[in-house]
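Have the sequence and the 3D view open while reading.

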Amino acid sequence: MLKKYAIAACMLLAAAVVQGQPGELLRRADGTPDISGIWQALNNANWNLEAQVAEQGPVESLGAIGAVPPGQSVIAGNEIPYKPEAAQQREQNFALRRTEDPEARCFMPGIPRATYMPQPFQIFQTDTDIMMAYQFAGAVRTVYMSNHMEAPIDSWMGWSNGRWEGDTLVIEVAGLNPNWLDRAGNFYTSTARITERYTPLSPYHLQYEATIEDPAVYEEPWAISMPLYRRIEDGARLYDFKCPEFAEEIMYNQLTRENYFRERGVYIGE
Amino acid sequence: MSGNRLTKGILAGLGVLLSAHSLGQNETWQMPRTSWGDPLIQGYWTNSTMVPLQRPAAMGTREFYTVEELEENLRREFEDEYGETERGTAADVHYQFDDYLMNRTADSITQNLRTSIIYDPPNGRYPPLTDTAIAAQEEYNTWRSEHQWDSAKTRSLSERCLIWDQEGPPVLPLGYNSTYQFMQTEDFVIMQLEMIHDVRIIPLDGGDPAENSLPQWLGNSRGHWEGDTLVVETTGYSGRTNAPGLRGVPMSSEAHVVERFTRVDENSIDYQFTVTDPNVWQASWSGNYPFREIEGPMFEYACHEGNYGIVNILSGVRLEEFEAYQATGKIGE
């Protein structure tokens with residue numbers, strides 16, 4: 001416990017150095033930080049949590065629009081400590097990423113990926129629980145600040161038990177369905193447990209950290225860290241991104257009449 | 001439990017029967033409030049109801065049943081459902097209708113004295129459609145008969161997990177999973193709909209819903225508190241969201257919906273709404289029903305992620321078509 005407070009104190013100190021006094025943070029009536037609002041990551045994490053040089057993307061016909069931009073690793077220690085079989089699975093995922101990445105299929109992105117999708121999310125702090133709504137796929141989760149319990153059932157966005165440690169919102173997430181962490185095929189399984197930390201650095205910045213434990217695929221827990229930026233433009237809000245229809249081509253195209261018959265040697269249409 | 005005893009149980013439950021009239025008549029009850037003083041509506045709610053959206057024509061302009069009539073209706077409904085299959089026979093194996101809380105006649109949450117949710121027009125039925133809407137519906141039906149099996153893109157919006165027809169606004173009860181989680185901050189009311197994990201984010205600044213916005217599947221909602229009533233106005237529908245009760249006829253860009261949420265007792269929110277869309281109906285129409293508090297939590301409804309239905313439907317149709325082709329050399333009907 002003492003160690004955790006020490007870390008929190010260090011982070012506050014760091015925040016104070018970079019952004020001014022911690023007293024400048026927005027606070028709610030009960031004294032906890034006010035981190036409500038619309039946030040977004042501004043980095044390459046959704047392409048690859050590990051370091052990434054620029055390269056051709058999975059769909060060459062998109063030209064440079066589909067190219068993968070470069071970015072530094074957001075992982076402490078730079079690389080994910082996969083077990084050998086899991087490292088192979090990541091390579092297979094990568095090879096099939098155009099159609100098998102759950103993002104391409106419009107599946108709810110899970111935690112922590114939802115946080116660093118290239119689309120905004122919104123935090124709502126009520127008198128009791130916290131809600132986080134994500135533009136991508138309309139995903140949403142409740143962060144239970146009391147009545148903590150083990151996940152009653154697995155889900156795409158998991159079960160989130162939250163608490164304040166000083167000015168840091170700490171959320172323990174479990175009960176996640178297996179999911180990918182980025183477009184490079186990095187992944188976790190249903191035994192993953194994620195510990196997230198949201199620490200306000202200023203009214204406009206949160207430091208986001210997530211520790212990812214999954215003994216099924218990693219040699220040891222590992223952590224990512226990145227800033228999140230407040231969307232401050234006038235009228236900023238979440239819009240619909242109901243993406244199932246954008247995924248129908250890759251998911252169901254084999255079942256159009258033309259394709260089904262062509263598959264069986266009968267050419268119709270066109 | 002014998003049918004008779006169960007029926008008696010139901011009727012005892014009706015001792016606490018609530019109607020729109022009697023909601024909120026407990027004088028000792030005090031409005032629960034948020035820390036900043038707004039009425040508290042945060043929690044888990046259901047709008048499951050036995051009341052039909054449209055009134056049976058025979059009821060004319062009668063808005064409410066008597067308690068005796070409702071009891072009689074429930075008894076008849078129970079007996080019809082209970083009598084559908086014979087206990088202990090193969091036909092009864094599917095499920096017993098009073099298992100899994102599916103017997104809604106036994107649940108006082110779903111009862112009230114209304115003869116229909118719609119109370120205006122006074123006959124409790126949708127107003128007549130406009131000529132434009134009738135034409136659009138005919139065009140859609142023709143298109144559907146020719147193309148509905150073509151691909152995923154020609155299936156219904158709900159089958160494709162894009163939007164459930166009753167999501168609204170106005171929010172209308174569903175056959176199942178009529179479950180909602182409301183959250184509140186000083187600046188927003190957030191309504192999470194279990195079906196199909198949709199979130200309505202309603203800013204409480206009372207501004208113009210269309211301001212700074214884009215057309216949205218659930219429209220753009222803006223809310224404000226009028227006394228203890230949350231008034232939500234919605235415009236800016238996407239032009240793809242089905243109008244209530246209609247397929248192929250969307251809420252138009254001129255649609256305007258006003259909803260009023262009033263917590264009236266410990267367990268109920270009175271929900272009143274008025275729908276205006278001059279491109280769909282010849283007049284506005286209004287409805288009323290209660291949301292009832294239920295125990296949480298609410299679970300994630302991952303519609304698209306587990307959409308085996310659409311794959312199975314299309315696979316079945318394709319197989320039929322291919323077998324027909326092999327037999328006749330023809331493709332299609």
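**From a strand pair to the chain contact**

In chain A, strand β5 (residues 159-165) and strand β6 (residues 168-174) are paired in the antiparallel sense, with seven bridges between them. One residue to look for is A:Trp159, whose bridge partner in β6(A) is A:Ala174. This is a predicted model.

In chain A, nine strands form a closed barrel in the order β1-β2-β3-β4-β5-β6-β9-β10-β11, and their pairing is mixed. On average, neighbouring strands of this sheet are turned by 30 degrees against each other, direction ignored.

Next comes the contact between the chains. Chain A brings 36 residues to the contact and chain B brings 38 residues. On the side of chain A that touches chain B, at least two residues come from each of β2 (121-125), β3 (130-134), α4 (244-252) and α5 (257-263) of chain A. The most is given by α4(A), with four residues. Sorted by class, this side of chain A has 20 nonpolar, eight polar and eight charged residues.

Which residues of α4(A) are buried? They are A:Pro244, A:Glu248 and A:Tyr252. Seen down the axis of α4(A), these buried residues fall within an arc of 70 degrees, so they line one face of the helix. What covers the buried residues of α4(A) includes a helix of the other chain, α4 (308-328) of chain B.

Conventions. Residues numbered from 1 in each chain as written. Chains lettered and ligands numbered in written order. Predicted model: local features only at pLDDT ≥ 70, side-chain atom pairs only at ≥ 80, totals over all residues. Contact = placed C-beta atoms within 7 Å. Nonpolar A, V, L, I, M, F, W, Y, C, P; charged D, E, K, R; others polar. Buried ≥ 20, exposed ≤ 12 C-beta atoms within 10 Å, placed from the backbone. Arc of directions from axis to C-beta. Pairing = 2+ DSSP bridges. Axes fitted to C-alpha atoms, helices over the stretch in contact; angles between N-to-C directions.
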